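Please look at the sequence and the 3D structure shown below before reading on. The report that follows goes from the overall fold to the sheet, the cores and the charged pairs.

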Amino acid sequence: MTRNKLILILTTLTLIAVTSIITAHVLAATPTMHPMIRHGIGYASTVYSLNWAGYVVPAREGTVTSVAGSFIVPSVTCTKQTTYVALWAGLDGYNDSTVEQAGIAVECSGGKPMYWSWYEFYPSPSVEISGFTVKPGDVIYVNVTYVGGNSFQITIKDLTRNEAYTVAGSVSGALLSSAECILESPPLMGN
C-alpha cells in the first residue's frame, strides 16, 4: 500500500473516531489550555492540542501540493452554550501563517445546531458556500491543490447528496510545507 493511501485511510479513520466523541468532549468539563507541544522529530512526532484532532504532515517547504480528506458530518446535540466544531482539510498553517482549506462547520447557537460548508484562502476571511447542503451523516470529501503561481483550487463534495463545489483562489507567500485533515473546536479555557 502506498504511503499516500495509508495517510488517507488513517486520516479518515481518525476523523470518524473523533467525530463520534467530539460532542461530549466539546460540551464536557473545561481543562486548562496548553499550547501545542511537539514530541519527537519528522513523521514520528506527536503534537498534543485541546482543540485539534486529526493528522498533519509537515514537510520541506515547496513540497506539499495537494491534500484530500473525507469525513462523516457529525450529529451535534447543543446546550445553551454558543460553540462550534469544524472538520476540514487543507494545506499550510502548521509551519506558517497562510492556509488554504475547506470543510464543514456546525455552530451551536441558542441550543440549535446550524450546519454549513466553507473555504478559506487565509489571510483572507473564510467564505460560507451558499446553496451547499450539509446534513448529519453526510459523507464529505475535500481536495485542496496548488496549481502554480500562488493559485489553488478547492473542491468540496457531499458524496451522499451528489453535490460539489469548486473554487479557485490565490495566496501570496504560501510555503506549501504541510497538509492537514483536522477536527477543530474552540480552544477550551479553564482552571
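## Terms and basis

A residue is called buried when its relative accessible area is under 20%, exposed when it is over 50%, and partly exposed in between, with a 1.4 Å probe and protein chains only. This is a predicted model, in which local features need pLDDT of at least 70 and side-chain atom pairs count only at pLDDT 80 or more, while totals for chains, interfaces and linings use all residues. Residues are numbered from 1 along each chain as its sequence is written, and side-chain values use heavy atoms, with hydrogens and water left out.

## Overall fold

Of the 191 residues in the chain, 39% are buried. The accessible surface amounts to about 10000 Å², and 57% of this belongs to carbon and sulfur atoms; such areas come from the Shrake-Rupley method with a 1.4 Å probe, and for residues only the protein chains shown count as cover. Among contacts (heavy atoms within 4.5 Å) with a separation of 6 or more, 63% are made by residues 24 or more positions apart.

## The six-stranded sheet

Six strands form an open sheet in the order β3-β12-β5-β6-β7-β8, with antiparallel pairing; two strands pair if DSSP finds at least two bridges between them. The edge strands, β3 (52-58) and β8, each pair on one side only.

Within this sheet, β5 is joined to β6 by nine bridges, and G90 has Q101 of β6 as its bridge partner. Toward β12, β5 has six bridges, again antiparallel, with C181 of β12 as the partner of A89. Eight of the nine residues of β5 are buried, so this strand is largely enclosed by the rest of the structure. Between β7 and β8, which run antiparallel, there are two bridges, and W118 stands opposite E128 in β8.

## Nonpolar cores

A nonpolar core is a set of buried Ala, Val, Leu, Ile, Met, Phe, Trp, Tyr and Cys residues joined through side-chain atoms within 4.5 Å. The largest one has 32 residues, and L91, I104, I140 and V142 are those with the most contacts inside it. The elements that give two or more residues to this core are β4 (66-72), β5 (83-91), β6 (99-109), β7 (112-122), β9 (139-148), β10 (151-158) and β12 (178-184). A second, separate core has five residues, including A86, W88, W118 and I182.

Leaving aside residues up to four places away in sequence, I104 touches a set of residues that includes F71, L87, W116, I140 and I156.

## Salt bridges

Two salt bridges are counted, a salt bridge being a side-chain nitrogen of Lys or Arg within 4 Å of a carboxyl oxygen of Asp or Glu. In one of them, D138 pairs with R161, and their closest N and O atoms are 2.7 Å apart. D138 lies in the loop between β8 (127-128) and β9, and R161 in the loop between β10 and β11 (163-170), so the pair ties together parts that are 23 residues apart in sequence. D138 is buried, with a relative accessible area of 3%, whereas R161 is partly exposed at 36%.

The other salt bridge joins the side chains of D158 and R161 (3.9 Å, N to O), and D158 is buried at 0% relative accessibility. Through shared partners, the salt bridges join D138, D158 and R161 into one network.

Notes:
Helices (H or I, at least four residues) and strands (E, at least two) are DSSP runs, numbered from the N terminus.
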